[in-house]
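Good morning. I will go through one structure, starting with a single residue and ending with the interface. Please have the sequence and the model open.

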Amino acid sequence: MKAGTRTVAGVLTVAVLLFPLYWMVNASLQPSGALLRPDPAFFPVDGTLDGYRKALSSQGPHLLSSVVVALGTVLVSLAIAAPASYALAQLKVRGGPALVFVLLIVQMIPGIVMANALYTVFSNLGLIDNYLGLVLADSTATIPFAVLLLRAFMVSVPKELTEASRVDGAGYWRTFFSIILPVSRNALVTAGLFSFLFAWADFLFAVTLTTGQTFEPITVGIYRFVGNQSADWNGIMATAVLAAVPAAVLLVVAQRYVVAGLTSGAVKD
Amino acid sequence: MTLVVPAVSAPRRAGRKPRRDNRFAAWLFLLPALAYIGVFFGYPLAANLVMSTQNYTVKSFYTGEAPFVGFANYAAVFDNPLFGTAALDTALFTAGSLVFQFGLGLALAVFFTGRFFGSSVLRSLLLLPWLLPLVVSGAVWRWMFDQDHGVLNAALRFVGLDAVPWLSSTNWALPAVILTNIWIGIPFNLVILHGGLRAIPASLYEAASLDGAGAWQRFRHITWPLLRPVTGIVLMLGLVYTIKVFDVIMVVTGGGPANATQTLTTWSYRLSFQDFAFGQGAAVGNVLILVATVFGLLYLRSAKATLAEAAA
């Protein structure tokens, strides 16, 4: 196949595969009445921003809750994972390989099992309907991932670098802060991005560990919106577009990190 | 003189001191992670095991009492006709998703190994469905599946076919959620397989071309065998992730209609959080863990083999 033909074929393939996303944006801009006509309009000719107004007024607080939970998850995950990765990668710890194995295994525990177990624990601790509770629950998915990703990176930090700082009299703590963290910046960004994306997208913990009385993340908001059997697809799709924004922004701004995280999470150990 | 002292004593200190505080300091760095794993994995998993042997109900949360019932929860779960339904749906959902998302992902990966204008931009655009919250993808597909106003049926009517009751028919609901999940899974397969393809030396293809091998023969005798380790990992990971899919099914069908899309995961959720039979929910969860662990260990074995091969 010639290169030009390939480009055309590639564009067509992408257009077909991304059609659902176009359809989401299309529906988010059409009045609800227009969406219920038998023949769908392929372009939002009578465009309206009503859906976005409805989305922001009814789902705005949920979007904000999700931002808080996602940022909290990033902080907790990195704060716990970074020091652990340093120890596993640079300091010889007995049982280190076993711990890495444990982290690989716990990633395979089905989320529903964690949700079931955490629900009973959290209801005893008063962590249901609690921001901290949801952050800690989301971290069960992000911490193992972050440790494995950061460790894989920190293993490759040259020992000369850390030994030089040791000879200069820096303790482990100082070496960690002034050498390891700065050189691991890219890996930290990657781990942070993935933690954010996971917590932002989490539905299972959000739906089991909140009752909607105090706060409700956006994924649960969409779920209830859809489940209402309302015909308000314009509002639902506008909310979906808003919930998709972080992913789209990250893909454009930090594509390099996203691909790095995707492949390192899967193929490297 | 004073300058010499540190120079002499430093190596000695470096030789002795680090070894002692090394172990201690390393554990301090690990401590938060270890505490977290203990509290948020160890304890809940143990609690889950205990719960599966108890009659744990809503009342248990107030009274703190949950009578021990042995294996009654497991017996109840296995006797429930829904167990067979859920197990079969899980198997069909997983197999259907894997076959198609892998096949399409591989075809796209091969396509995108060719260098052409816009190749990398188009490829990264295809990542978008993978990065979206699953609830968002689920909501979009649910709208497209709408029987009267959905775009899929509009397309079918356009080519002269009958509209399909995607989400209200027990025959079509499972294919519908599988279709949604295939769409979500393609990017992951594409990216990993693309990485694997790029690692195959171009010289092999050149040599094969010189020997007169056609495109299919090159794929059959070079690409496929050399890609095998990556293939193994992609399929294993896909399997482990697909068995526990929750969001997609909950948003698109909610497990219905008439349990036509009920998998072990959604059933476990329903038992615990809708029927409030936490003990039975935990029992189904433990069955899931068992299945996931078996495949997870297989994955680790194949991952190890790949790493060894990569290192050799």
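A:Thr210 sits in the loop between α11 (204-209) and α12 (218-227) of chain A. Before going on, some housekeeping. This is a predicted model, where local features need pLDDT of at least 70, side-chain atom pairs count only at pLDDT 80 or more, and totals for chains, interfaces and linings use all residues. Residues are numbered from 1 along each chain as its sequence is written, chains are lettered from A and ligands numbered from 1 in the order in which they are written, and side-chain values use heavy atoms, leaving out hydrogens and water. Helices here are DSSP runs (H or I, at least four residues), numbered from the N terminus.

Is A:Thr210 buried or exposed? A:Thr210 is buried, at a relative accessible area of 4%. Buried means under 20% relative accessible area, exposed over 50%, and partly exposed in between, with a 1.4 Å probe and protein chains only. A polar atom of the A:Thr210 side chain lies 2.6 Å from the backbone oxygen of A:Ala206. Setting aside residues up to four places away in sequence, A:Thr210 touches A:Asp129, A:Leu134, A:Phe205, A:Phe215 and A:Pro217; contact means heavy atoms within 4.5 Å.

Chain B has a threonine to set beside that one. B:Thr266 is in helix α13 (residues 264-274) of chain B, and B:Thr266 is buried, with a relative accessible area of 1%. The side chain of B:Thr266 reaches the backbone nitrogen of B:Thr263 at 2.9 Å. Beyond neighbours within four places in sequence, B:Thr266 is in contact with B:Phe246, B:Ile249, B:Met250 and B:Thr261.

Next, charges. A salt bridge is a side-chain nitrogen of Lys or Arg within 4 Å of a carboxyl oxygen of Asp or Glu. Over all chains the count is four. One of them joins A:Asp232 to A:Lys54, with the closest N and O atoms 3.0 Å apart. A:Asp232 lies in the loop between α12 and α13 of chain A and A:Lys54 in helix α4 (residues 50-90) of chain A, so this pair ties together parts 178 residues apart in sequence. A:Asp232 is buried at 16% relative accessibility, while A:Lys54 is partly exposed at 31%. Another salt bridge links A:Arg224 and A:Glu216, at 3.2 Å between the closest N and O atoms. A:Glu216 is buried at 10% relative accessibility, and A:Arg224 is partly exposed at 34%.

Now helix α13 of chain A, residues 233-253. How far apart are its end C-alpha atoms? They are 30 Å apart, which agrees with the 30 Å that its 21 residues should span at 1.5 Å a residue; the expected span is 1.5 Å times one less than the number of residues. α13(A) bends by about 40° at A:Val245, and A:Pro246 follows within four residues. The bend is the angle between axes fitted to the seven residues ending at a residue and the seven starting there. Of the 21 residues of α13(A), 15 are buried.

Last, the interface. Chain A contributes 95 residues to the contact and chain B 85 residues. The area buried between chain A and chain B is about 8100 Å², with 80% from carbon and sulfur atoms. Buried area is the accessible area (1.4 Å probe) that two parts lose on being put together, summed over both. How many salt bridges cross between chain A and chain B? The rule finds zero.

Definitions and conventions: Helices (H or I, at least four residues) and strands (E, at least two) are DSSP runs, numbered from the N terminus. A polar contact is a pair of N or O atoms within 3.5 Å; within protein, one must be able to donate a hydrogen and the other to accept it, and residues adjacent in sequence count only if both atoms are side-chain atoms.
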